Amino acid sequence: MTEPQKSKGAKTLDNGLHVLELITEHPGELTLTEVAAKAKIHPTSVHRLITSLEAKRLVRRDTQKYLHPGYGLIKLASSVDRVLQATAEPVMQRMTDKIGATSHLVVAISETEVMAQLVVQPRQSLGHVAFSPGRVDPINHGSAGIAILSG
């Protein structure tokens, strides 16, 4: 992860999102103290942020106090571009089943990055290539980003 950019809005919210990003990038690998060090935020402030994130089920701690992404993130993520997903999924499922291969819908999220929005696995197949929704790649790497650039 790159260094956080200077906040253009609410500093507390920016810090909380930075903490959440660190936890999702290092699931189960960091304690509160380690997150504070990586985020360059005072541990007391990180404690308050994590307590708020835990209350919303966006972060959870295991028995050894390591931090993990919380299940509340699933609910948040499922609402992103719901209309696009609902429109694309049946078409992609028919195509995926017909060709017997995984299909994925990738969207440009900035001028330099693309993100897998939807991944559909064939219902009956001997094997498939794994690809995760939410994966972010440089727009100039991989077939999906290059296809978007060519448009």
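**Terms and values in this model**

Q: What makes β4 and β5 count as paired strands?
A: Three bridges join β4 to strand β5 (residues 136-138), and the two run antiparallel. Two strands pair if DSSP finds at least two bridges between them, so three bridges qualify β4 and β5 as a pair. In this pair, Val114 has Asp137 of β5 as its bridge partner.

Q: Where do the coordinates come from, and which parts of them are used?
A: The model is predicted: local features need pLDDT of at least 70, side-chain atom pairs count only at pLDDT 80 or more, and totals for chains, interfaces and linings use all residues. Residues are numbered from 1 along each chain as its sequence is written, and side-chain values use heavy atoms, with hydrogens and water left out.

Q: What makes β3 and β4 a pair, and in which sense do they run?
A: Strand β3 (residues 103-108) and β4 share six bridges and pair in the antiparallel sense. Leu105 is bridged to Leu118 of β4, and Ser103 to Val120 of β4. A hairpin of four residues joins β3 to β4.

Q: How do you know that β3 and β5 are edge strands?
A: The open sheet has three strands in the order β3-β4-β5, with antiparallel pairing. Strands β3 and β5 each pair on one side only, and that puts them at the edges. From one strand to the next the twist averages 35°.

Q: Which helices pack on this sheet, and at what angles?
A: Helix α5 (residues 82-99) touches β3 and β4, and its direction makes about 60° with that of β4. Helix α6 (residues 143-150) also packs on the sheet, touching β3 and β4, at about 50° to the direction of β3. Axes here are lines fitted to C-alpha atoms, for helices over the stretch in contact, and angles run from 0 to 180 degrees between N-to-C directions.

Q: Why is Asn15 called buried?
A: Buried means under 20% relative accessible area, exposed over 50%, and partly exposed in between (1.4 Å probe, protein chains only). Asn15 has 18% relative accessibility, so it counts as buried. The residue lies in helix α1. Neighbours within four places in sequence aside, Asn15 is in contact (heavy atoms within 4.5 Å) with Ile41 and Leu49.

Q: What makes Thr112 exposed?
A: Its relative accessible area is 52%, so Thr112 passes the limit for exposed. Thr112 lies in the loop between β3 and β4. Leaving out residues up to four places away in sequence, Thr112 touches Asp137, Pro138 and Ile139. From Thr112 to Ile139 the C-alpha distance is 5.1 Å, although 27 residues separate them in sequence.

Q: Why is β4 described as mostly covered?
A: Six of the eight residues of strand β4 (residues 113-120) are buried. For the whole protein of 151 residues, 28% count as buried.

Q: How do you know that the buried residues of α3 line one face?
A: The buried residues are Val46, Leu49, Ile50 and Leu53. Looking down the axis of α3, they fall within an arc of 100°, so they line one face of the helix; the arc is that of the directions from the helix axis to the C-beta atoms. The face turned away from them carries the exposed residues Arg48 and Ala55. Cover for the buried residues includes α1 (11-25), α2 (32-39), β1 (59-61) and β2 (67-69).

Q: How does the span of α3 compare with the expected one?
A: Helix α3 (residues 43-55) has 13 residues and reaches 18 Å from first to last C-alpha, close to the expected 18 Å. The expected span is 1.5 Å times one less than the number of residues. Just after α3, Arg57 takes a positive phi of about 60°.

Q: Which residues make the contact where α1 and α2 cross?
A: The axes of α1 and α2 come within 10 Å and cross at roughly 115°. His18, Val19, Leu22 and Ile23 of α1 meet Val35, Lys38 and Ala39 of α2.
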